[in-house]
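These notes are meant to be read beside the coordinates, point by point.

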Amino acid sequence: MADSILAKPIRLIVGLGNPGEEYELTRHNAGFMVVDSLAEDFGINYWKTKAGALLAETTYKGQKLIIAKPQSYMNTSGGPMKKIMGEYGIALEETLVIHDEMDIDKGSARIKFGGGHAGHNGLRSIIEKCGSKDFSRVRIGIGHPPGKMRVADYVLSVPKASDALLFEQALTSGAQAVLACLDEGVAKAMSLCNARA
C-alpha cells in the first residue's frame, strides 16, 4: 500500500447496489443508500444517466467530485465504473467504492484500501473490469445471515426491528467515513475511523 497512492484525493465515489424498487431498502443496497445520503448533504438534486449509471457532479471543498450509482445490477458494476473513469480521466486509486460487507459487525463501517473481493460480486466485477484491486472501499457492516439462511436471501432482504436500527447506524457511520476520506485523505481516515469502529 504505497503512501503516494493513498495521498491522491478522491474524485469519484461509487455506491454499489441493484436498481429497482424491490431492492431499494435491502442490505445489498447499502452503497446506494450511503450515496443518496451524501447527495442530500451535498445539496445534489439532479442525477443524470451516463455510462450506465446514475451520476451527479458536485464540488466539495474546492475539489470536483462525481458520485455514481451503477444501474447494471451488482454483478456487473465494474462496467459502468470503468466507463465513468474513462470519460472523466479518473484513476482507479482516485475512486472510493461503498459496499455492504458481511465480515464486519452490524452497525459498523470500515475503510480499506486494496484487497480481494471476499465473494462480493460487485467488487469482483470491478476488479475484473479494471484489472486491479488498488482502490479504496468503505465497507458497511451487515453481519452474517442467521442459522442456515442463504447468503443471497440475507443480502437481498430488508432488515427488520433491531437489525434495521443497526443497519441505519452502519449507513450513518459509512457516510461519515466517506467524508473523512474526503477531508483527511484515505490513509488518515482509515486510522481514525477503523480505530473507533
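Does lysine 8 count as buried, partly exposed or exposed, and what is its relative accessibility?

1. Lysine 8 counts as partly exposed, because its relative accessibility is 34%, a value that lies between the 20% limit for buried residues and the 50% limit for exposed ones. Please keep in mind throughout that the model is a predicted one.

2. The side chain of lysine 8 meets that of glutamate 93 in a salt bridge, with a distance of 3.3 Å from N to O. Since glutamate 93 sits in the loop between α3 and β5, while lysine 8 sits in the loop between α1 (3–6) and β1 (12–15), the pair ties together parts that are 85 residues apart in sequence. Glutamate 93, at 22% relative accessibility, counts as partly exposed.

3. A salt bridge also links glutamate 94 and arginine 11, whose closest N and O atoms are 3.2 Å apart. Glutamate 94 counts as buried at 12% relative accessibility, whereas arginine 11, with a relative accessible area of 24%, is partly exposed.

4. Aspartate 36 and lysine 69 form a salt bridge in which the closest N and O atoms are 2.7 Å apart. Because aspartate 36 belongs to helix α2 (residues 30–41) and lysine 69 to strand β4 (residues 63–70), this pair ties together parts that are 33 residues apart in sequence. Aspartate 36 is partly exposed, with a relative accessible area of 35%, but lysine 69 counts as buried at 10% relative accessibility. Elsewhere, salt bridges that share partners join Arg27, Lys106 and Asp163 into one network.

5. Taken over the whole structure, a search finds 11 salt bridges. The protein chain carries 23 positive and 22 negative side chains, and the centres of these two sets lie 4 Å apart.

6. On the overall architecture, the protein chain contains seven helices and seven strands, which follow one another along the sequence in the pattern α-β-α-β-β-β-α-β-β-α-β-α-α-α. The radius of gyration is 15 Å, close to the 16 Å that the globule rule gives for 197 residues, so the chain is as compact as a globular protein of that length. Along its principal axes, the C-alpha trace spans about 45 × 35 × 35 Å.

7. Of the 197 residues, 49% count as buried, and the accessible surface of the chain comes to about 9,300 Å², of which carbon and sulfur atoms contribute 50%. Among the contacts with a separation of 6 or more, 70% are between residues 24 or more positions apart.

8. Helix α4 (residues 121–130) deserves a separate look, since what it buries can be listed residue by residue: Gly122, Leu123, Ser125, Ile126, Ile127 and Cys130. These buried residues pack against α3 (78–88), β5 (95–101) and β7 (136–141). Just after α4, glycine 131 takes a positive phi of about 70°.

9. Two backbone angles call for a check by eye. Most residues other than glycine have a negative phi. Alanine 51, however, has a positive phi near 55°; this residue is found in the loop between β2 (48–50) and β3 (53–60), and at 15% relative accessibility it counts as buried. Tyrosine 73 likewise has a positive phi, of about 75°, although it is not a glycine; its place is in the loop between β4 and α3, and at 40% relative accessibility it counts as partly exposed.

10. The last point concerns proline 145, which lies in the loop between β7 and α5 (151–155) and is buried, with a relative accessible area of 16%. Once neighbours within four places in sequence are left aside, proline 145 is in contact with Met102, Val151 and Tyr154. Glycine 115, by comparison, is 30 residues from proline 145 in sequence and 23 Å from it in space, C-alpha to C-alpha.

Key:
Residues numbered from 1 in each chain as written. Predicted model: local features only at pLDDT ≥ 70, side-chain atom pairs only at ≥ 80, totals over all residues. Heavy atoms only, no water. Buried < 20%, exposed > 50% of the residue type's maximum accessible area, 1.4 Å probe, protein only. Helix = DSSP H or I, 4+ residues; strand = E, 2+ residues; numbered from the N terminus. Contact = heavy atoms within 4.5 Å. Salt bridge = Lys/Arg side-chain N within 4 Å of Asp/Glu carboxyl O. Rg over C-alpha atoms; globule rule 2.2 N^0.38 Å. Areas by Shrake-Rupley, 256 points an atom, 1.4 Å probe, with all protein chains shown as cover. Lys, Arg positive; Asp, Glu negative; His and termini not counted. Charge placed at Lys NZ, Arg CZ, Asp CG, Glu CD.
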